[in-house]
Amino acid sequence: MNVNVDNAPIKLSDRPVINPLYLFRWEEQEKAFLLLYPEGIIKLNDSAGQILNLCGGEKTLEEILIELKQIFSTEDIDSEDIDEDIYKFMEVAIAKGWVRIKA
Amino acid sequence: MVLELTYRCPLKCPWCNNPLNYGDFSKEELTTDEWKHVLREARRIGSLQLGFSGGEPLLRPDLEELMAEADGLGFYTNLITSGVGLTRKRLEALKKAGLKQIQISLQHSDPVINNAMVGVDSFEEKMEAIRHIKELGFPVVMNVPMSRFNIDTAGDMIDLCEKSGIEFLELVNLQYYNWALLNRAELLPSREQLEEAEEKVIKARERLGNAMTIYFVVPDYFDGRPKACMNGWGAIHMTIAPDGAVLPCQEARVIEGMEFPKVTEHDLGWIWHESPTFMKFRGNEWMKEPCQSCDEKEKDFGGCRCQSFVLTGDAANTDPACSKSEHFKIIESSVENARNRIGPGLPLVMRSRGSIGSDLKALRP
């Protein structure tokens, strides 16, 4: 995987979990996953929703990556690129406070 | 969507945004089944965020039952409370019923000042409620309605929230409608007080980082620009009053001559999408000058219809908080008076039933 894990906010062995401040769920009327929180709503695009759907605190990032590759992988996308995209999204999700690392 | 379950409240806050004649509605509160019907209808038309408010919503013994219904329907539920009556037992029941988040109000870090401001000994009960709320793991928004009487508490309030583990602090300057407008001459802070408070907030944000989110909402009286009230009339929000009247914002009842359709008489989808009341100020066709030709009309939607009505007599006028409004001097002079105020002030009119009659015309500032 092409990421520098030494100073990264999340390591492969970490178990990401959705911040309990947020309610994450599927909304049938919007056909999308949502993050609901005290002052607003975030409607997630398909891939962001799929990623957060696996952040339940049981799976490690490594396990999540393997699972997501099975979901997203198509013949014309390099799996290294998928890794990097997911990793970048996790960085954003942690910086925004949507996701925490389970202690 | 916000449900005002009742206008009843144990506190007597002289800035309350409930109608001055709230006592007139006391016999018309919706029943449990009627509220449940509202919840189902609202989900059907796509509502997601739900606040239970009032008055004090805890005065409704069916709050837990309504909470469970709302949670079952998939709402993100929020309880907007004074904290008075929020016992451990009720908190546990509300948690079980699916309550997600609590917004609790406090007026001052000093118990004596806090209690004087709301007219009731409530500080200790509120603090105990906050302890229980945090023990049960709810996210908390602390709401501090700011006026001249408590703007000095901004720094202490930040410390209090930090010690209590509160995630969100809203230092919200009062909006001047209903009781707050009645008492505006006493409540409006000076520009200097506001600047001092904002400086404390900026420093605290630097110190606290992600640990706490502090909102500091400046009143629209001070910068010559109107607020983008409710993101536009009938755009994203509705409030349902205790008697089932559906309002585009919680203050809308101040607009005289406007009929607010009731959920007991009409389909909520029709009220939201088609009723004359919700269509009245939707979009920008209704705007007069200077709004109509203003390049900021998509940004602030002409400000607040209620404020235009109570201060200029016509809800379709440009919000007088806008420096382009011909009525801007009304706002300017009240800010000027706040700065110049010396000596003892006027007595505050505390919120109480029947203290203000239904005919308010003589009281309009």
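One salt bridge is counted between chain B and chain A; the term denotes a side-chain nitrogen of Lys or Arg within 4 Å of a carboxyl oxygen of Asp or Glu. The partners are B:Arg43 and A:Glu27, whose closest N and O atoms are 2.9 Å apart. The model is predicted, so local features need pLDDT of at least 70 and side-chain atom pairs count only at pLDDT 80 or more, while totals for chains, interfaces and linings use all residues. Residues are numbered from 1 along each chain as its sequence is written, chains are lettered from A and ligands numbered from 1 in the order in which they are written, and side-chain values use heavy atoms, with hydrogens and water left out.

Six residue pairs are in polar contact across the interface of chain B and chain A, both residues being at pLDDT 80 or more. A polar contact is a pair of N or O atoms within 3.5 Å; within protein, one must be able to donate a hydrogen and the other to accept it, and residues adjacent in sequence count only if both atoms are side-chain atoms. On the side of chain B that touches chain A, α1 (32-44) and β6 (168-173) each supply at least two residues. Helices (H or I, at least four residues) and strands (E, at least two) are DSSP runs, numbered from the N terminus. The residues of this side of chain B divide into eight nonpolar, five polar and five charged. Here Ala, Val, Leu, Ile, Met, Phe, Trp, Tyr, Cys and Pro count as nonpolar, Asp, Glu, Lys and Arg as charged, and the others, Gly among them, as polar.

Contact, meaning heavy atoms within 4.5 Å, links 18 residues of chain B with 14 residues of chain A. The area buried between chain B and chain A is about 1,200 Å², and carbon and sulfur atoms give 58% of it. B:Leu48, B:Gln49 and B:Tyr76 lose the most area in chain B, together 41% of what that side buries. Buried area is the accessible area (1.4 Å probe) that two parts lose on being put together, summed over both.

Chain A holds an open sheet of three strands in the order β2-β3-β4, with antiparallel pairing. Strands pair if DSSP finds at least two bridges between them. β2 (23-27) and β4 (40-43) of chain A each have a single partner strand, so one side of each is left without a neighbour in the sheet. The twist averages 30 degrees from one strand to the next. Four bridges join β3 (residues 32-37) of chain A to β4(A). A:Leu34 stands opposite A:Lys43 of β4(A). Helix α1 (residues 46-53) of chain A lies across β2 and β3 of chain A, at about 65 degrees to β3(A). Axes are lines fitted to C-alpha atoms, for helices over the stretch in contact, and angles run from 0 to 180 degrees between N-to-C directions. A:Lys31, in the loop between β2 and β3 of chain A, has a positive phi of about 50 degrees although it is not a glycine.

In chain B, nine strands form an open sheet of mixed pairing, ordered β7-β6-β5-β4-β3-β2-β1-β8-β9. Its edge strands are β7 (213-217) and β9 (246-247). Two bridges join β8 (residues 239-240) of chain B to the antiparallel β9(B). α1(B) lies across β1 (2-4), β2 (49-53) and β8 of chain B, at about 170 degrees to β1(B).

A cis peptide bond joins B:Gly54 and B:Gly55, with omega about 10 degrees. The bond from B:Glu289 to B:Pro290 is also cis, with omega near 5 degrees.
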